[in-house]
Amino acid sequence: MHNEYHSRPSRGWQYGLILLALAAFIGLNMRGVWGTSGDFAHHYALVARIWELFGLPIVSEKPLGEMNFYPPASHVLGAVAAHFLHSPLLGMHLVSLLALFALWVAVCFMLLSLPRKNGMLSTLLLPALTALCWWLDLVLHGRELTADFFYAQLVAQAMLMCVACSILWLERQHSRRLLLQLLTFGLAWACVYVHLLASLQLLAFATLLFMVDALQVWRSRQRALRRAAFTLLLAGLCAWAISRNYYFIGMQRISSNNGQLELTHLNSVGMIGAYAAAACGIAAFFLWQWLRLDDSRRKAMLLWKYWACYGMAIASLCLLQLLVLQFGQGSEYAVKKYIFSLHMVQLVNAILLLGWLAQCVAPRLMQDQAMRGGNWHHYLLPSAGVLLCLWLVMPLQKIYQMSDLYEAEQAVMNLRVSGVPYSPAKASYVTEIRQAPPMVNYMLSLGLLHSPRDDIAASILQQRPIRDFSAVNTLVTTADSQIDRSFPCRRNQVGGKYVVLDGRCIMQALRQSQGIYDFTDRLSIAECQIDGLSEIEAFGRWTERNHVRIRCPLPELPGGRKAERVELDITAFLEKTITQQRVQVSLNGAEPAEYVIDRNMPTRMLSFSLKNVSGSMVDFRLTLPDAKSPKELGLGDDPRILGVSVRQLAFK
């Protein structure tokens, strides 16, 4: 029988084929993205902001929301890639594809660490059982990039799997245990800057792995206790460092939010708990089998120990999260996010079980005798197997074409420099980009124009009409979009395809078309002739004398209708010594009507019929006998004679 630790093929050929497979995977999947949720936009916003600043934001920013305290390492990688590609979108997408490929390559190389025939069988079973998972619609790693876009979680899981694969290789090379412990626990702490879930998984995996090493020498109790105590000391220090991390606290706040994660199977936390318990049982079985082997066979079957510890770590944390949920902490959403790792654990568990059964049923057939063709499977299986698995895991149909997204992103970036004026009090948004879904408009608004996550941004994401344009500085849209055709309010355009619309112009046109003159906006009342009102303030305009005149054109209502009445929205100036304000209103020379406004109802909507009004103008004359200045009342130096503030005229 040949040596279990047979020579491997030329690493150059192996790595060359892996790089060729990587180039093919990147080339095929850079053409589009699968993400459809608002999370895609939120991750993009953080990548874009880091790319702009070439560093993390110093203060909390409204467009980022919870991303202000989200672990940023994966977004930093996306921003670095964006620096070379000049596109945050391409940078984030490239990093996600590299992480996905690295994760599956690590799994494949771990399977190849088994003895020759067992390793070949395992790497052949990997795409075969992945195809079964695809048929059963089980979500494996990679599906994080589809509907719910768990970008940082995928990058962190790739890091975890690469660490496990590297530690396994180092142990096979007889590396010092202290080095492995310090490296693994150190990376578990570093992983919290990528994603908390993977950081805790790596911590649990490392603790179990090195506790098993202590169990191996249980006959020498003193030695076993020293190993166990040192492992627990490192695990405790690592757990303490993670718990004190700024991003640990932030992720705790996020995990309490019960989001939506719809699963075809195991859609209840109870079923996920049973599934995790089964995975833990299979992992314990393989650990027991590995401990029964002699020392020479243990090294050959080292993957049994590693995957058993990994599976027990994932399953135990899932069960612990489920237990915490029973006490009102966490959320069902946090439990469901373990499903990607659990399915991967069970996939490899099935492969290892089949390999173990083959050894039990046909031990001579599984002996590592010389095979025709030499080590061909070590050349081809990693690259071909990974490509096939990824082809099965990821949907063939991309939701959004990258060429369209990239064009829109670059256009908004150019317009941001040349056509979007800065306004400290108002925000700019992207809307109605041709052939782009609402998520893309929302993403570009947050990421490039730094729009706050307000009602306007929510309206864009949910494809609802924007109701309030008072907070809109500009809108970036496609030329001849519905909003561009509705309002002649262009400020600038690039190449004739994308235009910038002025928000105040839209508000004026919209309000006039709806029969509203807004006294908080100068453009809205530009055609009105006003005498006796002071400057615009947030709530309207104060009267500054006892007699006021307001003349405005009669607007045409939607559908060409003629207004039948007009409503004057006013609020009285009331103080300790002024308990009421009398307001005498005359419309177009008619006999004045008197209204008394007191503390019971300081804001009034005064309604007037327009049936007897002729001409194209409405002419209001207001007399305010009770108006006084704050200076006269001893309330300051304001000399204006305040009676009422006027907010709007509404024609109906």
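## Ser 645 in strand β16

Ser 645 is buried, its relative accessible area being 4%. In this predicted model, the residue belongs to strand β16, which covers residues 644–651. Once neighbours within four places in sequence are set aside, the contacts of Ser 645 are Phe 539, Arg 541, Trp 542, Asp 569, Ile 570 and Thr 571.

## Gln 508 in helix α21

Gln 508 lies in helix α21, residues 503–513. The relative accessible area of Gln 508 is 16%. Buried means under 20%, so Gln 508 is counted as buried.

Gln 581 is 73 residues from Gln 508 in sequence. In space the two are 31 Å apart, taken from C-alpha to C-alpha.

## Helix α2 and the residue after it

Helix α2 spans residues 38–53 and has 16 residues. From its first C-alpha to its last, α2 reaches 23 Å, which is close to the 22 Å expected at 1.5 Å a residue. The helix is mostly covered, with 13 of its 16 residues buried.

Phe 54 follows α2. The phi of Phe 54 is positive, near 50°.

## Helices α3 and α4

Two packed helices are described by the angle between their axes and the distance between the axes. Helix α3 takes in residues 73–85 and helix α4 residues 88–112. Their axes come within 7 Å and cross at roughly 125°. The two helices are therefore oblique to each other. The crossing in which α3 passes α4 is right-handed.

On the α3 side, the residues of the contact are Ser 74, Leu 77, Gly 78, Ala 81, Ala 82 and Leu 85. They meet Pro 88, Leu 90, Gly 91, Met 92, Leu 94 and Val 95 in α4. By class, the residues of this contact are nine nonpolar and three polar, with no charged residues. An α-helix has 3.6 residues a turn, so residues three or four places apart point the same way.

## Helices α11 and α13

Helix α11 (residues 269–292) and helix α13 (residues 302–326) have axes that come within 8 Å and cross at roughly 150°. Angles over 145 degrees count as roughly antiparallel, so α11 is roughly antiparallel to α13. The crossing of α11 past α13 is left-handed. The contact of α11 with α13 holds 20 nonpolar residues, four polar and one charged.

## Positive phi in two loops

Most residues other than glycine have a negative phi, and most peptide bonds are trans. Asp 480 has a positive phi, near 70°, and is not a glycine. This residue is in the loop between β4 (472–478) and α20 (482–486). The relative accessibility of Asp 480 is 47%, and the residue counts as partly exposed.

Asn 588 is likewise a residue other than glycine with a positive phi, about 50° in this case. The loop that holds Asn 588 runs between β12 (580–587) and β13 (593–598). Asn 588 is partly exposed, at a relative accessible area of 31%.

How values were computed. Residues are numbered from 1 along each chain as its sequence is written. This is a predicted model: local features need pLDDT of at least 70, side-chain atom pairs count only at pLDDT 80 or more; totals for chains, interfaces and linings use all residues. Side-chain values use heavy atoms; hydrogens and water are left out. Axes are lines fitted to C-alpha atoms, for helices over the stretch in contact, and angles run from 0 to 180 degrees between N-to-C directions. Helices (H or I, at least four residues) and strands (E, at least two) are DSSP runs, numbered from the N terminus. Angles under 35 degrees count as roughly parallel, over 145 as roughly antiparallel, 65 to 115 as roughly perpendicular and the rest as oblique. A crossing is left-handed if the near helix is turned anticlockwise from the far one by less than a right angle, and right-handed if clockwise. Contact means heavy atoms within 4.5 Å. Ala, Val, Leu, Ile, Met, Phe, Trp, Tyr, Cys and Pro count as nonpolar, Asp, Glu, Lys and Arg as charged, and the others, Gly among them, as polar. The expected span of a helix is 1.5 Å times one less than its number of residues. Buried means under 20% relative accessible area, exposed over 50%, partly exposed in between (1.4 Å probe, protein chains only).
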